Amino acid sequence: MSEERELLRDTVAALVEKHASPEAVRAAMESELGYDPDLWRLLCEQVGAAALVIPEEFGGAGGELADAAVVLEELGKALVPTPLLGTTLAELALLSVGRTEPLEGLAEGTAIGTVVFDPEFVINGDVADVMIAADGETLTQWDTFTAQPKPTMDMTRRLASVIPGATTALGDDPGIADSAALLIAAEQIGAASRCLDLTVAYSKDRVQFGRPIGSFQALKHRMADLYVKVASARAVVHDSIAAPSPTSAALARYFASESLSAVTSEAIQIHGGIAITWEHDIQLYFKRAHGSAQLLGPPREQLRRLEAEVF
């Protein structure tokens, strides 16, 4: 990773540590907007998070998809609810068809964007100002729409059901769903790594039969296996983002989804009954794992997509 991206990662991590404690995350996910507008403003002003993929001539940072992925991975570690994912995807869609008028507001963070893949489950659909629909063939801007928030298992990910009104055809879909898959995979890897860290820390503190449970050989093996699973998935995701394609997007999504699901399932087991109480954060990671795995199609669909390219 370049020095600039390491600096970006460190800056976002510092903001998350200061402004996105578990208590702050819970307050944000239960708020009217579903995210903390003050933290969103800091991310946009101090990090330029919403401007990363926009070229400099349009008021952006001139970065790449990998820059946005770095930020989303750090936010994913703490399950921080923000409109960054949807806004970044909307920007990529607009840039692909040369529609630059809405980019200034999106880059500044004063406007929220999102992309519709399934109108029943639109990320931040009820707070979006710029809405682009992508069906794999064409892009369409929904100039007017009605949105209804949907109850979800993962409260850290705001979803809405959206019905279009007036629309404008934009052009060909360059594969925005693949970009979404890569960015969600980065989020998932961040969540998996933090969930594993929390589980290892708990195993060192929890005492059973006069010993920390982490000292038992069976649990050492289980956590070592999880470490390998997360590390290998992270390598796949980072390589896929560095060379994006439909195949690499499917690979990243499959490995990231499987990694996060495996880590959170084991975390529930190792924490025991406390893990499924509302007061404990592990249950939030478990819900994020299952909620994220269903976005853009479950892992088995990604696997079938990969199999179709081989056989």
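Predicted model: local features only at pLDDT ≥ 70, side-chain atom pairs only at ≥ 80, totals over all residues.
The chain is assigned two domains, domain 1 (3–174) and domain 2 (177–308). Their C-alpha centres lie 23 Å apart. At the interface, 27 residues of domain 1 are in contact with 30 residues of domain 2. Interface size is often expressed as the accessible area lost when the parts come together. Here domain 1 and domain 2 bury about 2400 Å² between them. Carbon and sulfur atoms account for 66% of that area. On the side of domain 1, Arg-26, Lys-77 and Leu-79 supply 24% of the area buried against domain 2, more than any other three residues. Four salt bridges are counted between the two domains.

Arg-26 lies over the face of Trp-278, at 5.1 Å from the ring centre. Leu-79 has a positive phi of about 55 degrees, although it is not a glycine. Most residues other than glycine have a negative phi. Leu-79 is placed in the loop between helix H4 (65–77) and helix H5 (84–96). Its relative accessibility is 2%, so Leu-79 counts as buried.

Asn-124 also has a positive phi of about 55 degrees and is likewise not a glycine. Asn-124 lies in the loop between strand S2 (122–123) and strand S3 (130–134). With a relative accessibility of 4%, Asn-124 counts as buried.

Side chains of opposite charge can pair when their charged atoms come close. The whole structure holds 14 salt bridges. One of them joins Arg-288 in helix H10 (residues 282–294) to Asp-154 in the loop between strand S5 (145–149) and strand S6 (159–164). These partners are 134 residues apart in the chain. Their closest N and O atoms are 3.0 Å apart. Arg-288 is buried, with a relative accessible area of 4%. Asp-154 counts as buried because its relative accessibility is 6%, under the 20% limit.

Arg-157 forms a salt bridge with Glu-187, with the closest N and O atoms 2.7 Å apart. Arg-157 sits in the loop between S5 and S6, and Glu-187 in helix H7 (residues 176–205). The two residues are 30 residues apart. Both Arg-157 and Glu-187 are buried.

Arg-222 and Glu-266 meet in a salt bridge at 2.5 Å, N to O. Arg-222 lies in helix H8 (residues 217–242) and Glu-266 in helix H9 (residues 246–271), so the pair ties together parts 44 residues apart in sequence. Arg-222 is partly exposed, with a relative accessible area of 31%. Glu-266, at 22% relative accessibility, also counts as partly exposed.

Tyr-254 counts as partly exposed at 22% relative accessibility. Phe-255 is partly exposed as well, at 33%. A charge also sits over a ring at Phe-121, where the charged end of Lys-150 is 4.4 Å from the ring centre.

Methods. Residues numbered from 1 in each chain as written. Heavy atoms only, no water. Helix = DSSP H or I, 4+ residues; strand = E, 2+ residues; numbered from the N terminus. Buried < 20%, exposed > 50% of the residue type's maximum accessible area, 1.4 Å probe, protein only. Lys NZ or Arg CZ within 6 Å of the ring centre and 35° of its normal. Domains from an automatic or database assignment. Contact = heavy atoms within 4.5 Å. Buried area = accessible area lost by both parts, 1.4 Å probe. Salt bridge = Lys/Arg side-chain N within 4 Å of Asp/Glu carboxyl O.
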